Structures are given as C-alpha cells and as structure tokens.
Amino acid sequence: MPENAALQDFDETRWKTVEPNPPNGGYGWVCTLSVFLINAHTWGINSSWAVIMAHLSLNSHCIKATHLEWALVGGISISQALIISPVVNPLASLIGIQMTLVTGTLLIFLSLLTASFATKIWHLFLSQGICFGWGMGLTYITASAALPSWFSTRRSLAVGLSTSGAGVGGLVYSLVANATIQHFGVAWTYRIIAFCSLAANSVASALIKEARCSSMPGIGGFTFSLGDFGRIEVLIIIVWGVVTDLGYITLLYSIPSFASSIGLTPTQGSIGNAMLNLGLGLGRPFLGYLSDSLGRINMALLMTALCAILCFGMWIPAHSFGTVVAFSLLAGLVCGTFWATITPVLVEIVGMQKLASTFSVVCLSLVLPTTFAESAAMQLVVADAEDDRTGSYIKTQLFVGCMFLAGATSLWLLRAWKMFDMESETCGKKPSGAGRWSPQVSWLTPRLLFQYRYV
C-alpha cells in the first residue's frame, strides 16, 4: 500500500532529520550477543528460582517458610531490579557503562554466593531477593538502554535476539539447577551458578559499548520529567506493562503446579515449564524480525492478543500432557512480548533521547505488580484447590487471559495515538497539547483504531 510505504519511509528518514543516524549493525551485533549473555545470566538465573523453591518447600527441614514467603523471594528479586532503575542512568553517567555493569555483576555473584549459606528465609530475602535484584537491575537496565543506539531498521531484531537470552538461560539454568541439586545439594548449586554468572557477565560487561553518534546523548541523559506522567502515551505504556507482567509472571510460575492438578507427574510438569522457557527463547528473535517488517506496535498488539486467545482457548480445556506441552511452547513464544518489544516501542513513542530515562520510569511503575504477582498467583491456586466442585485452575487461567487481553487493548489505543502523531508530523504541525489529557481526544477515532498501517 503506497500510504503504508510512505509512513514507513517517514519512520526511517526520521533518523536522519530528528535522531542521530545509528550504525545499524557492525559492532552492534557484538553488543547484541553481550546483552544476550546478560539476559541469560540475570533473568535466566532468576527463572531457576522456581526449581530451587520447589526443592526447599518440599524439604522444610532446610529452611522453614510459608508458601507466601517463598513466593515473595522471587517477587522481591524482580521488583528490586526495577525499583533501582532511577539510579541506574545517573550512575552510568557518573562512572560509565562498564563500571555500572561490573558493579551489577559483583552484586549478582555475592548474592548467589551468600544465598548458599542461608539457613532462614530472611537470609534469602536479603541475598536472593534484594541483593540479586539490585545486581540484575544494574546490569540488565544498563545493557538494554545501550543496545538500541546501535540500530534503526534492525532494532527490533537486535532487541529480540538479545532478550531471547532470558528464555534460553531459563531453560538451561532450570535443568542445571535440578541436576546439581540432585547430585550436590542446594548450597553447591547456588555456588556453581554464582561462578557461572560471574564469568559470563564479566565478559559481556567488557564488550558492551554505547554508539556515540553525533548529538547522541549519553545513557545517563536524564531528560524525563514528572510532567511526562500527564502524557497519555506514557500512561498507556505503563498500563500495558502492569497488566501483561501480572499475567506473565503468574503464567511463569503456574505450569508445574497446574500439571500436578490434572494428574501429571512432577517430571511432566517440569517439562512443561521447560517448554515455556524454550518458547521464550525461540519466539523473541522471530518477533523482533517481524516487528521490523510489519511494525513494532502492530506486532506487540498481535502477539499480546494471541497470548490471551491461547489462555482462553487452549489452557482452560487442557487435560493431557501433550496439550500442556503444546500450550507451554506456544504461550512461551508470545507471553514475553512486553520485555521483547518495550525498548523499540519506547523509541517509537518518546524518541532515542528519552529512551533510557523513560524506560527507568516504566520499570519503576512495575515494582508493585512484579512484587506481588507470584503471591497473587499462589493465592489463586489455593482458591482453586479449595474449590471441591471442579478442582481446576479456572480462576488462575481466567486471570492470566484477562490480563493479556487488557494489555492488547492498551496497545490498540497506543497504536491509534501513534498514527495520529505520525500524521501530525507528516503535515508539519503538532496539535495543541498533543499527547496530553484533554477533553477532546481527537486521536481516538474509528478510522485510526481500525485502519492498518506500519506502526
């Protein structure tokens, strides 16, 4: 369609007129591999907590804790990685990207090493929860903010490849954790993972650089102001992140227990969980490639909606091992859409110069959902278990499906706003108060909601 092609050309030429022109490759692929390693040895390691938690909760003589306390350990580690985000950009500006990454690498190593000596649940709150979360935040946020500056038309592909490290790392470390616990115990499992993370993250930290294009602000360029919370496009992105993270984290920790509830063995449940992580690893590069071709917001919308459809149409009626494995793999391909596309989508909405600071604010907004999402999932599981009429996971399944449906709706609105913004720029004018709340929401029209364009 000529109109779509013109808008896509506008999107690409904007780099020459509004944003500095990035290399779009070259050393950027080395940075992509480095961010892949960091994702594998932060989010991937964090995924292995489900395996460790299952072992510790079944062997209560090791550490005594309630189900809610076990759930909070995983929630705290994720939320602390996000709550530290406002500090990351100024710190990177002050001491540099490499030193920020090294600091995070050391915190991750120390957290896992000290967790190996834990004898009480509060020891894990401090080590596996707070310390690991701070280290993950310093490494992941710094690396994620540096990568997009290397790419323009291949940005979504690069981000998709790098974020697939979370799924690959989750698959590998879940299997490694299970095997090492059986042979060496939890303590030595923590120590082995600690030294693996130290080696991999150290190499990645040494290789990551930020593209220094002309007039490109440093990663520490904190240009975001609290007044931007009045911008409707930023609020829509925050809503998208909150609801999809609630669904994503709930799904991430529900597959093994759901498998047990329908009569499958623990081994079959762990295979289902592994397939979910495999899907995360395989789906993100594919999603990134299609995002560059069909539009970043378009693909985020389609994949989020598809995850909701899978939850309603495939997870609820699942009663066999084959169906659980198929659902886990397919859901894994699409359930991590937010983290696979957030940085390219943010560049589309706020521009490269505000990427790092806006990303930090979005992360900060996700602190509460990520802290309590796993706990909420466990409460839903308990409620389902007490339902003696069905004995199903219907509450959990409906909750996850509705969260992804709400995420798709928010992206539908964001897409309409972006098309209105592109049309305004193409015409050479900006409407008064564009992007802010106003009595007349001129961008929310049937034409913009239902028309297909490259966005």
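**Buried salt bridges, a helix crossing and a surface patch**

Arginine 453 has a relative accessibility of 3% and counts as buried, since the limit for a buried residue is under 20%. This value, like those that follow, was computed from a predicted model. Arginine 453 takes part in a salt bridge with glutamate 423, in which the closest N and O atoms are 2.3 Å apart. Glutamate 423 belongs to helix α19, whereas arginine 453 is in the segment after α20 (446-450), so the pair ties together parts that are 30 residues apart in sequence. Salt bridges with shared partners join Glu423, Arg453 and also Arg447 into one network.

Side chains of opposite charge can pair when their charged atoms come close. Over the whole structure, a search finds four salt bridges. One of them links glutamate 348 to arginine 296, with an N to O distance of 2.6 Å. Glutamate 348 lies in helix α16 (residues 337-350) and arginine 296 in helix α14 (residues 296-315), so this pair ties together parts that are 52 residues apart in sequence. Both partners are buried: the relative accessibility is 7% for glutamate 348 and 2% for arginine 296.

A salt bridge is also found between aspartate 421 and lysine 418, where the closest N and O atoms are 4.0 Å apart. These two residues both lie in helix α19 (residues 394-426), three residues apart, which is about one turn of the helix. Aspartate 421 is buried, at a relative accessible area of 7%, and lysine 418 counts as buried at 2%.

Two packed helices are described by the angle between their axes and the distance between the axes. Helices α6 and α8 (residues 121-146) pack at an angle of about 65°, and their axes are 9 Å apart. This angle makes α6 roughly perpendicular to α8, because the range counted as roughly perpendicular is 65 to 115 degrees. The crossing of α6 and α8 is right-handed.

Helix α6 also contributes to a nonpolar patch, as α6 (85-95) and α7 (97-115) each supply at least two of the patch residues. The patch lies on the surface and is formed by Leu94, Ile95, Met99, Val102 and Leu106, which together have about 450 Å² of accessible area. Its largest share, three residues, comes from α7. Methionine 99 is found in helix α7. With a relative accessible area of 45%, methionine 99 is partly exposed, because exposed residues are those over 50% and buried residues those under 20%.

Methods. Residues numbered from 1 in each chain as written. Predicted model: local features only at pLDDT ≥ 70, side-chain atom pairs only at ≥ 80, totals over all residues. Heavy atoms only, no water. Patch = residues over 30% accessible without salt bridge, like charges linked within 9 Å, V, L, I, M, F, W, Y side chains within 5 Å. Areas by Shrake-Rupley, 256 points an atom, 1.4 Å probe, with all protein chains shown as cover. Salt bridge = Lys/Arg side-chain N within 4 Å of Asp/Glu carboxyl O. Helix = DSSP H or I, 4+ residues; strand = E, 2+ residues; numbered from the N terminus. Buried < 20%, exposed > 50% of the residue type's maximum accessible area, 1.4 Å probe, protein only. Axes fitted to C-alpha atoms, helices over the stretch in contact; angles between N-to-C directions. Parallel < 35°, antiparallel > 145°, perpendicular 65-115°, else oblique. Left-handed = near helix turned anticlockwise from the far one by under 90°.
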